[in-house]
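Student: I am new to this structure and would like to learn how to read its features one at a time. Could we look at it together, with the general idea before each case?

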Amino acid sequence: MPKLLSPELDPAGPPVLVLGAGRSGTAVATFLAGQGFGVTISDVSPLSEGEMSLPDGVKLIVGDQTETLLENCQAVFVSPGVRWDIPMLETARLRGLMVSSEMDLFFRLCPAPIVGITGTNGKTTTTALVGQVLDQTGRPVMVGGNIGETVLDRLAEVTEDHLVVLELSSFQLESISQPNMAVAAVLNLTPDHLDRHGSMSRYIDAKARAVEFLAGDGHAVLNGLDENCRGLAMRTHANVVWFDQHQPLPPVTIPGRHNLLNALAAASIGRILGLDDQRIASSIAAFKGVEHRLELVGNWGGVAWYNDSKATNPEAGEVALQAFPDRPLILIAGGQGQFDLRRWATVVQARAQAVILIGSDPTALADSLSGHPDVRVAGTLDMAVEAAGAIARAGNVVLFSPAFKSFDQFANFEARGRAFKSLVLERGGTR
């Protein structure tokens, strides 16, 4: 058993409790079971995605999560989707139980330097891009975290020679007791997940943990164009690198000015870790993007269809709308969430030739776009794709950039993006 796990935990003692049977919770359960711990995993849903892949010996409890689960328990491991401040976890802390997470365990045990990427938007693209750039160092590179790849289940592969690149959400950062990194990049900070964090200041506090724990010889890679990011410079003892000022500008083949900023962040990290500009530039130029982030699905009859399902808030939707300055757009948007839509609506009015709305309350969304000459309510994604195809003409871009969460109609943004691609490819293949 790794010595750094925790001195107070004993594989021969009572079971440990894992809250949430999704990817992260399943990774924790599998890892701890492999270390000889008895493991109970609890999920509120009988249809959790990890339910069918639990290791032998792990006990699954489905239903309401109450404090009775803490009886005969020596530690609680929390999935990112579970609030960090629920009463049950406060009770666990008062009882002296260790409260941890997959990412917390990984940070405790990882022998390699960690490069962390966080921010409101652009995390996944930048994380993938940094991983590709750092491949040029000649060191083995592992990429994971909120990008969709769990890391605890790959811990045995990591050596001191590795570089580990992690996308870190605010939910993950608040659950890491000591988020010690060699390099931490904060790309931007705009309102998101305020239903969970309660206020913008608390959301920023969660993100700030990425730089607050850096050592003096570490590097905080920040966006000087973002007011909230600029404020983080006062909250770190590390060297501050303003990635928006990086020179030379790398060539970027994926659309959108925001992706130039993502590339500048990756280039800054590459330079910090010893790469020359030529190797950085060649890696960035070869980058083709990632799934569900301004992903080109196909081009038929001069109409380009883009999947941007990862746009789960209005700020991400605005960025996508501005990525095609010279082509008329047909926008498919909508989903679940309560946001201030004023700025998003202004950008939609200016950039979208037509808007097709889906989601839990498309009528209210249509009201925010009052005055736009062509707003249509489709309700479902398949109806929206059909409507977009009927009005699209050569030279148009059909952009699926929801600007809302996916949970009204889909399990997650990945499922939503895959559904969109399937509908588009089915339609395109018949033309």
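Student: Where does Ala92 lie?

Tutor: Helices (H or I, at least four residues) and strands (E, at least two) are DSSP runs, numbered from the N terminus, and Ala92 belongs to helix H2, residues 87-94. The model is a predicted one, in which local features need pLDDT of at least 70 and side-chain atom pairs count only at pLDDT 80 or more, while totals for chains, interfaces and linings use all residues. Residues are numbered from 1 along each chain as its sequence is written, and side-chain values use heavy atoms, with hydrogens and water left out.

Student: Is Ala92 buried or exposed?

Tutor: The general idea is a set of cut-offs on relative accessible area: buried means under 20%, exposed over 50%, and partly exposed in between, with a 1.4 Å probe and protein chains only. Ala92 has a relative accessibility of 0%, and therefore counts as buried.

Student: Which residues is Ala92 in contact with, leaving aside its neighbours within four places in sequence?

Tutor: Contact means heavy atoms within 4.5 Å, and on that basis Ala92 is in contact with Leu70, Val76, Leu97 and Val99, once neighbours within four places in sequence are left aside.

Student: How are two packed helices described?

Tutor: Two packed helices are described by the angle between their axes and the distance between the axes. Here the axes are lines fitted to C-alpha atoms, for helices over the stretch in contact, and angles run from 0 to 180 degrees between N-to-C directions. In this model helix H1 (residues 23-34) and helix H3 (residues 102-109) have axes that come within 9 Å and cross at roughly 50°. That makes H1 oblique to H3, given that angles under 35 degrees count as roughly parallel, over 145 as roughly antiparallel, 65 to 115 as roughly perpendicular and the rest as oblique.

Student: Which residues in H1 meet which residues in H3?

Tutor: From H1 come Ser24, Ala27, Val28, Phe31 and Leu32, and they meet Glu102, Leu105 and Leu109 in H3. The residues of this contact divide into 6 nonpolar, 1 polar and 1 charged, where Ala, Val, Leu, Ile, Met, Phe, Trp, Tyr, Cys and Pro count as nonpolar, Asp, Glu, Lys and Arg as charged, and the others, Gly among them, as polar.

Student: What span should helix H15 have?

Tutor: The expected span of a helix is 1.5 Å times one less than its number of residues. For the 16 residues of H15 (residues 413-428) that gives 22 Å, and the end C-alpha atoms are 22 Å apart, which agrees.

Student: Which residues of H15 are buried, and how do they fall when seen down its axis?

Tutor: An α-helix has 3.6 residues a turn, so residues three or four places apart point the same way. In H15 the buried residues are Phe413, Glu414, Arg416, Gly417, Phe420, Lys421, Val424, Arg427 and Gly428. Seen down the axis of H15, these residues fall within an arc of 160°, so they line one face of the helix; the arc is that of the directions from the helix axis to the C-beta atoms. They pack against several elements, including H1, helix H14 (381-391) and strand E17 (397-400).

Student: How many residues has helix H9, and what covers its buried residues?

Tutor: Helix H9 (residues 257-272) has 16 residues and reaches 23 Å from its first C-alpha to its last, close to the expected 22 Å. Its buried residues include Asn259, Leu261 and Gly270, and what covers the buried residues includes helix H4 (123-134) and helix H10 (277-285). Just after H9, Gly274 takes a positive phi of about 100°.

Student: Which residues have a positive phi although they are not glycines?

Tutor: Among them are Asn72, with a phi of about 55°, and Leu294, with a phi of about 45°.
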